[in-house]
Amino acid sequence: MLQLYSESALAQYDFIRVSKNTICSLRKIKSLKSEVDRKIKITLENGYQIIASRMYAEELRKKLGV
């Protein structure tokens, strides 16, 4: 059975929105790379790469302390 959670409920489990379409687990982030246009390329532990948009990049930096 599929369970849906609100974004605020997921925040307590270290999830953060990184773009309009993507919510990411902070625990699964392997590395970050700053892009020229203030976006952040995120590499997850499984090798999958996603982009944190400029709108959400600053909040990601705050959460990670970078």
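Visitor: Leaving aside its neighbours within four places in sequence, which residues is Lys 63 in contact with?
Guide: Lys 63 is in contact with Ile 16 and Leu 26 once those neighbours are set aside, where contact means heavy atoms within 4.5 Å. This is a predicted model, in which local features need pLDDT of at least 70 and side-chain atom pairs count only at pLDDT 80 or more, while totals for chains, interfaces and linings use all residues. Residues are numbered from 1 along each chain as its sequence is written, and side-chain values use heavy atoms, with hydrogens and water left out.

Visitor: Stepping back, in what order do the elements run?
Guide: From the N terminus on, the order is α-β-β-β-β-β-α, with two helices and five strands in the chain. The radius of gyration is 12 Å, close to the 11 Å that the globule rule gives for 66 residues, so the chain is as compact as a globular protein of that length. Helices (H or I, at least four residues) and strands (E, at least two) are DSSP runs, numbered from the N terminus, and the radius of gyration is taken over C-alpha atoms, the globule rule being 2.2 Å times the number of residues to the power 0.38.

Visitor: What share of the residues is buried?
Guide: Buried residues make up 29% of the 66 residues in the chain.

Visitor: Which of the strands holds Ala 52, and what does it touch?
Guide: Ala 52 is found in strand β5, residues 49-52, and counts as buried because its relative accessibility is 0%. Not counting residues up to four places away in sequence, Ala 52 touches Val 18, Lys 39, Ile 40, Ile 42, Ala 57 and Leu 60. Ala 52 and Asn 21 are 31 residues apart in sequence, yet 10 Å apart in space, C-alpha to C-alpha.

Visitor: What about Ser 19, buried or exposed?
Guide: Ser 19 counts as buried, since its relative accessibility is 13%, and it lies in strand β1, residues 15-19. Leaving aside neighbours within four places in sequence, Ser 19 is in contact with Ile 51, Ser 53 and Tyr 56.

Visitor: Which side chain makes a polar contact with the Ser 19 side chain?
Guide: The partner is the side chain of Thr 22, at 3.2 Å. A polar contact is a pair of N or O atoms within 3.5 Å; within protein, one must be able to donate a hydrogen and the other to accept it, and residues adjacent in sequence count only if both atoms are side-chain atoms.

Visitor: New topic: what is phi of Asp 14, and of Arg 38?
Guide: Phi of Asp 14 is near 65° and phi of Arg 38 is near 70°, each a positive value in a residue other than glycine. Most residues other than glycine have a negative phi.

Visitor: Where do Asp 14 and Arg 38 lie?
Guide: Asp 14 lies in the loop between α1 (7-11) and β1, and is partly exposed, with a relative accessible area of 32%. Arg 38 is found in the loop between β3 (29-34) and β4 (40-44), and is exposed, with a relative accessible area of 57%.

Note on methods
Buried means under 20% relative accessible area, exposed over 50%, partly exposed in between (1.4 Å probe, protein chains only).
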